[in-house]
Amino acid sequence: MNTVQRIVKNIGFSGVSQVIITIIGFVLIIYLARYLGEAEFGTYNLAIYFTSLFIPLADLGISQFMIRELARDKKRFDSFIICSVINIMGYSQEIINLVYLFGIYTIISSFVLTFRSIFQAYEKLEYTSLLIVVEKVFLIPLVVIFIIVGLNLKGIAYGYIISIILTFALGLYLLLRKIKKPKIKVDFKLWKIFFRNALPFGLNSLFTVSFVRVDTVILSYLKNDVAVGIYNAAYAPLLAITSAFATMVVYSVYPVMSRYFISSKDVLKTSTILTCKYMAIISLPMTVGCFILAGNFINLFYGNQYQNAIFAFQILSLFIPLRLISSITGTFLTSINKQGIRTFCYMVGLIFNVILNIVMIPYLSYIGASIATVLSEILVYVLFIFFISKYYSISQELHKTFIKPLIASLIMGAFLVYFNKLNLFILIVLAMIIYFILLLIQKTFTDTDKHIINQLLGRFTNE
């Protein structure tokens, strides 16, 4: 199996799992938003986002370091406050108790993340995908059951805890039976080296998660749960979509990128540009469609409950291509041992994001948070490209690949504006057909793209 086919195999497993969990995630978001209402939905998002800020502290970057090093040499396998903060911030006892419960979920999640990282490094994406799907499959019925019996927000937290415990048990079984049993030994010198090398990954995860989640915490502190609920009604679906695509691709290309840095730096550069190009082809029409059809989507998701979220949804849709392309360029930096630069970029982006939120939220509420998110994404995107260009001449060649998808997306957007009274499903299907035809007319796909497609078809034909 060649490299392209290996990546596609991994993307296949990741793709199936991401489609499943995205659908499940959408169902859960819509159900909770409709059932809880703006204020309680805001409380739920605050609790889960607040505790997610501490996941990198539990993991300490070990998972990402493990993926890179095991991908390069699998023989290295055997070498391998929440409570105080929430009380200081002065939230109500209900929110504090909810954060405690989600804190338990966060701690167990860190162990599951380690299992997933080992499977990813071994390119056993079927196991990684299985863990992701199993957690979500258990989550919805558990949450619904606990809500029906009258536990409401606490019931949601109990559902998360039980689903992650079951996932942990499965992950431990797969690790011991399908990979190998680790040798248990204590080597403090080795652990010192291990944690020192993993620290940049941990800091990067800390700044990345904070960069994505901090706006919700600041919004709750400066405004109220209603503003948080409206903001996340707009943000959550877009975040779910971008996370699904980014996770699917990054999980598949990161081990390959790490190997190419050792074996073929030219191939690494070419594959990075191609991956970013495909991300642009996917994300640009999504942005245009979400911006123009924002009202249609919000009404579809939530009925008439969250009309105030439409404008925020339009603004936030602009971050889709920035987030997806940055997921690849950021992974590129990590794969060439420049995770410290990636960490620095997210640290700068986080500081910028916090300042913008503090300045704008008092005046613009959730709209200010939306603007801050997009502007911060732009900054991180520019920083990634700037630093990559210091090691690889990539910028000009990369941005040329975005021109044709952008033109096709804008023309598709004109179609959406003119025919926006059509049935939403029919409108989306027609827009996708028009977009693809426009890509073909512009000869967007090169001989390299055709070669990759032929290899993929060859793989599927032989199976």
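**Helices, a bent segment and a nonpolar patch**

S370 is buried, with a relative accessibility of 0%. Here buried means under 20% relative accessible area, exposed means over 50%, and partly exposed lies in between (1.4 Å probe, protein chains only). The model is predicted, so local features need pLDDT of at least 70 and side-chain atom pairs count only at pLDDT 80 or more, while totals for chains, interfaces and linings use all residues. Residues are numbered from 1 along each chain as its sequence is written, and side-chain values use heavy atoms, with hydrogens and water left out.

S370 sits in helix α14. Its C-alpha atom is 9.7 Å from that of F319. Along the chain, S370 and F319 are 51 residues apart.

The protein has 17 helices and zero strands. Both are DSSP runs numbered from the N terminus: helices are H or I with at least four residues, strands are E with at least two. The protein has 463 residues, and 56% of them count as buried. Areas come from the Shrake-Rupley method with a 1.4 Å probe, and for residues only the protein chains shown count as cover.

Helix α14 covers residues 339–388, 50 residues in total. Its end C-alpha atoms are only 11 Å apart. A straight helix would reach 74 Å at 1.5 Å a residue. The expected span is 1.5 Å times one less than the number of residues. The helix bends by about 145 degrees at L364. A bend is the angle between axes fitted to the seven residues ending at a residue and the seven starting there. S365 also belongs to α14. The phi of S365 is near 55 degrees, a positive value in a residue other than glycine. S365 counts as buried, at 15% relative accessibility.

N337 lies in the loop between α13 and α14. This residue is partly exposed, with a relative accessible area of 35%.

Two salt bridges are found in a search of the whole structure. The criterion is a side-chain nitrogen of Lys or Arg within 4 Å of a carboxyl oxygen of Asp or Glu. One joins the side chains of R323 and E377, at 2.4 Å from N to O. R323 lies in helix α13 (residues 319–335) and E377 in helix α14, so this pair ties together parts 54 residues apart in sequence. R323 is buried at 12% relative accessibility. E377 is buried at 2%.

E397 and K269 form a salt bridge as well, with their closest N and O atoms 4.0 Å apart. This pair links distant parts of the chain, 128 residues apart. E397 is in helix α15, and K269 is in helix α10 (residues 265–292). E397 is partly exposed, with a relative accessible area of 43%. K269 counts as buried, at 19% relative accessibility.

A nonpolar patch covers about 990 Å² of the surface. Its residues are Y418, F419, L422, F425, I426, V429, L430, I433, I437 and I441. Patch residues have over 30% relative accessible area and no salt bridge; like charges are joined within 9 Å, and nonpolar side chains (Val, Leu, Ile, Met, Phe, Trp, Tyr) within 5 Å. Helix α16 (residues 424–441) gives the most to the patch, with seven residues. An α-helix has 3.6 residues a turn, so residues three or four places apart point the same way.

L430, one of the patch residues, lies in helix α16. L430 is partly exposed, at a relative accessible area of 34%. The C-alpha atoms of L430 and M412 are separated by 9.3 Å. These two residues are 18 residues apart along the chain. F419, also among the patch residues, is placed in the loop between α15 (395–418) and α16. F419 is partly exposed, with 36% relative accessibility.

The disulfide count comes to zero. The rule asks for a pair of cysteine sulfur atoms within 2.5 Å. C276 counts as buried, at 0% relative accessibility. C345 is likewise buried, at 0%.
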